[in-house]
Amino acid sequence: MSLSSLQSGRSLHVRLHPRLSRPYGAAINRLLGVVLCLTAFTACIGPVKPVPTQQSQEAPPSSTETADARKSPEPDSPEAPQPVAPPVPLPLPSQADAPIPTEGDVPVLEAKPVHVMALRESYKVDRATTATKTDTPIMETPVSVQVVPQQVLKDQQAVRLETALQNVSGVIVQGGANVDTSDSFLIRGFNLDTTYRNGVLGGGSNGVGKREMANVEQVEVLKGPGAILYGRAEPGGIINLVTKQPLATPYYSIQQQVGSYDLYRTTADATGPLTKDDTLLYRVNISYENAGSFRRFIENESVFIAPVLKWNISPRTQITAELEYQHIDRTREPGIPIIGNRPANLGRDVTVVDPVNLRTVGDRYFFGVNWSHRFDANWEVSLRLSSSHVNYGTDKSLFFAPAGPDGSLDRFFFNGPVVDHKYQSMLNLTGHLSTGAAKHTLLVGYDYFYLLEKYSGSNAVPAPPFNIFNPTYATEAPVFDNGTFNDSYSQTWHGLYVQDQIALPYHIHLLAGIRYDYAVGRHNNLDATTYVEDRFSPRGGLLWQPVPWLSLYGSYTEGLGPSSTLYSTDQSRVRPQTSQQWETGVKTEFWDGRLRVTAAYFDLTKQNLAVPDPSNLLRTRPLGEAQTRGIELDITGEILPGWQVIGAYTYLPFAKITQDVGFSGLPGDTGNQGNRLFLAARDFGSVWSTYQFQNEAWRGLKVGGGVVAVGERQGDAANTYQLPGFVTANIMASYRMTVSGRPMIAQLNVNNLLDERYFSGSNGFNSAAFGTPRFVMGSVRMEF
């Protein structure tokens with residue numbers, strides 16, 4: 001749990017019966033306008049069949065074929081001859097109708113390299129698993145789900161997860177969370193500091209460092225509560241990182257990146273078979289990073305390795321073993337203090353960090369074993385076992401009180417080792433069956449989750465006097481007394497869920513599911529049970545696809561979130577956080593399916609947020625409630641041959657604390673009730689586009705660019721200070737050539753081209769984080 005979420009949680013405070021009739025007003029008008037425009041535009045363009053491109057001639061691959069498509073070798077050079085006429089695409093059978101090959105009778109499909117490359121370079125992904133845990137076309141999924149594909153990650157040189165998620169509507173990066181040592185975001189106005197890895201919780205950075213992207217194939221984002229499939233989830237959505245998997249065709253690459261502020265990053269990727277019959281496949285991704293910062297005394301060093309071994313026992317049965325290891329040695333960045341209603345007016349290089357303090361050294365491990373077996377063409381069972389372990393020490397860490405008007409700042413140091421263990425198992429049975437005219441995709445699953453967190457350290461000691469306008473930095477480390485603190489918390493979570501996706505006549509798709517959760521939280525030091533949760537959570541959705549290029553949908557979802565064990569130290573039990581969401585939208589495709597546009601309206605409410613108990617500040621009460629309503633627009637795909645685009649816009653007119661209780665607890669003290677949620681901007685969005693030259697003279701050259709814009713945000717739940725809005729511009733250029741018969745790609749990216757001074761976020765309390773100034777990154781990648 002991030003400091004920002006804790007602070008916002010403590011500040012949320014109560015309208016016991018919010019009105020059912022709400023002033024939708026301008027939001028509804030905007031949504032209707034978007035829907036009418038898209039419908040009219042689609043009616044004119046959708047049925048038109050333009051001249052097919054290389055990309056549009058390829059049939060969409062399944063989830064497994066997406067990875068295997070990379071097996072085909074790329075052309076030896078950019079000048080490789082193109083086929084005179086692309087082959088006519090053959091329709092792919094549905095998963096339910098696909099025959100199961102037997103040993104010795106496995107069909108072989110020939111894939112033209114140029115067509116495979118077109119698929120790999122596309123910004124549009126047609127299918128995703130995060131929303132349903134089944135391989136489902138996005139156009140048939142009655143919820144909002146967005147995918148940031150591999151090619152976008154390459155074009156933007158997204159070495160941080162926050163770069164990738166700037167392309168998704170509804171998502172705001174929370175810079176400065178956990179002293180800038182964790183990935184943290186807001187989705188649809190609600191804080192989220194956990195991520196999933198191939199559907200398994202524990203893929204986040206856990207305070208050790210930002211998530212390494214070297215082995216990430218694509219990023220999928222499910223909007224709204226995902227508790228029915230994932231259990232203890234925040235209501236804003238699910239961020240799921242899909243990792244690179246072993247391929248049967250050998251592939252090797254190495255990349256060297258050099259950037260501003262002494263950034264040096266080396267990555268390598270190797271995959272292929274270990275046996276002649278492709279029974280054993282492997283993949284290894286490695287990265288090493290050493291970087292400085294535009295902020296004084298801030299450094300970062302990271303080592304990452306992620307091997308994967310896949311055993312194809314038979315065409316029906318596979319086992320995959322995975323490992324991730326990351327070592328971090330970095331300086332924590334607490335941001336700059338707040339004075340009045342704005343961050344202090346300081347230079348971007350000024351810090352409150354002493355050169356001898358704020359080191360974080362730690363290790364993160366992830367282990368996973370995945371087993372799957374297909375009984376026949378219709379039924380498949382899968383089992384996932386995984387664990388993640390984090391062990392790090394915050395050596396001479398720093399926190400501070402609010403700054404005085406004259407710049408005086410009271411600072412304190414402490415040592416705080418942290419140990420975090422997560423264990424998870426997941427068993428799924430997926431089947432395809434028919435009942436009359438209805439075709440079902442049935443999912444039945446069980447998951448188990450166990451979390452153990454241990455905190456310990458030395459008592460805090462005051463630092464020497466410090467003034468942010470005239471800083472004097474310490475050259476000797478502080479001396480701690482013998483006093484120590486330690487705490488231990490654990491959570492045990494069982495979940496059982498069933499989901500049915502029903503395809504009906506007239507292109508109607510139904511989604512229905514329900515989940516049962518039983519969870520227990522423990523404060524181990526006090527031997528106290530802090531919460532017991534026992535709840536059913538439903539989800540339902542309806543989608544109508546009258547023509548292949550248009551889908552209209554609506555859905556209702558309930559969610560269940562974790563209860564706070566951090567402040568419930570008096571053996572009282574806390575009710576779980578709950579949420580409900582209504583969503584409606586339209587999905588449409590243009591130009592033979594090459595470009596997809598999604599517009600959605602949502603109404604999301606979260607209850608039982610923890611608020612402080614004035615009679616005991618070590619205790620919280622689940623009385624807080626917050627609500628958001630807004631419109632999202634996402635665009636992704638190809639406009640013309642070689643011209644790719646991904647864009648997102650969010651209009652969030654309502655994002656408020658609807659129930660709250662003040663610290664005094666007296667009648668009439670409603671705390672922050674009515675305030676806007678922290679960092680939830682009213683308007684924010686981005687657009688990114690690239691063009692790869694198609695003519696012979698310029699073949700291999702790609703250029704692109706885009707902007708990221710965020711409106712004014714509240715820095716904390718009390719709305720005591722604000723972060724100004726900003727717009728940053730980014731550009732790129734790359735050239736693909738052949739050196740000694742091997743492909744080589746040289747690339748240059750410039751982020752924040754105009755050197756905008758802005759704040760990327762706050763900790764939700766008393767500090768804000770500067771956004772990165774103009775940043776230049778060059779890279780060279782060789783492929784073998």
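## Salt bridges, sheets and a surface patch

R522 has a relative accessible area of 23%, so R522 is partly exposed. Its salt-bridge partner is D527, with the closest N and O atoms 2.3 Å apart. D527 has a relative accessible area of 57%, which makes D527 exposed. These values come from a predicted model.

How far can the model be trusted? The average pLDDT of the protein is 82. A score of at least 70 is reached by 78% of the residues. One is residues 1–32, where the model has 87 contacts beyond four places in sequence. Another is residues 565–569, with 19 such contacts.

**Salt bridges**

How many salt bridges does a search of the whole structure find? The count is 35.

| Pair | N to O distance | Accessibility class |
|---|---|---|
| D447 and R515 | 2.8 Å | D447 buried, R515 buried |

Now take D447 and R515. Their side chains meet in a salt bridge at 2.8 Å, N to O. D447 belongs to strand 22 (residues 438–458) and R515 to strand 26 (residues 508–523), so the pair ties together parts that are 68 residues apart in sequence.

Some charged residues form a network. R188, K223, E583, E632 and D634 are linked by salt bridges.

Four strands make up an open sheet, in the order 17-16-40-39, with antiparallel pairing. Strand 17 (342–343) and strand 39 (759–762) are the edge strands; each has a single partner strand, so one side of each lacks a neighbour in the sheet. Strand 39 pairs with strand 40 (residues 767–770) over three bridges. Within this pairing, G761 has A769 in strand 40 as its bridge partner.

Strand 3 (residues 145–148) runs antiparallel to strand 9 (residues 216–223), and four bridges join them. Which residue of strand 9 is the bridge partner of V147? The partner is E220. V145 and V147 point one way from strand 3, while Q146 and V148 point the other way. Are these four residues buried or exposed? All are buried.

**A nonpolar patch**

F375, L429, V444, V498, I514 and F536 form a nonpolar surface patch. Together they have about 490 Å² of accessible area. F375 sits in the loop between strand 18 (359–374) and strand 19 (379–400). Its relative accessibility is 46%, so F375 counts as partly exposed.

Note on methods: Residues are numbered from 1 along each chain as its sequence is written. This is a predicted model: local features need pLDDT of at least 70, side-chain atom pairs count only at pLDDT 80 or more; totals for chains, interfaces and linings use all residues. Side-chain values use heavy atoms; hydrogens and water are left out. Patches are made of residues with over 30% relative accessible area and no salt bridge: like charges are joined within 9 Å, nonpolar side chains (Val, Leu, Ile, Met, Phe, Trp, Tyr) within 5 Å. Accessible areas come from the Shrake-Rupley method with a 1.4 Å probe; for residues, only the protein chains shown count as cover. A salt bridge is a side-chain nitrogen of Lys or Arg within 4 Å of a carboxyl oxygen of Asp or Glu. Helices (H or I, at least four residues) and strands (E, at least two) are DSSP runs, numbered from the N terminus. Buried means under 20% relative accessible area, exposed over 50%, partly exposed in between (1.4 Å probe, protein chains only). pLDDT is the predictor's confidence in each residue, from 0 to 100. Contact means heavy atoms within 4.5 Å. Two strands pair if DSSP finds at least two bridges between them.
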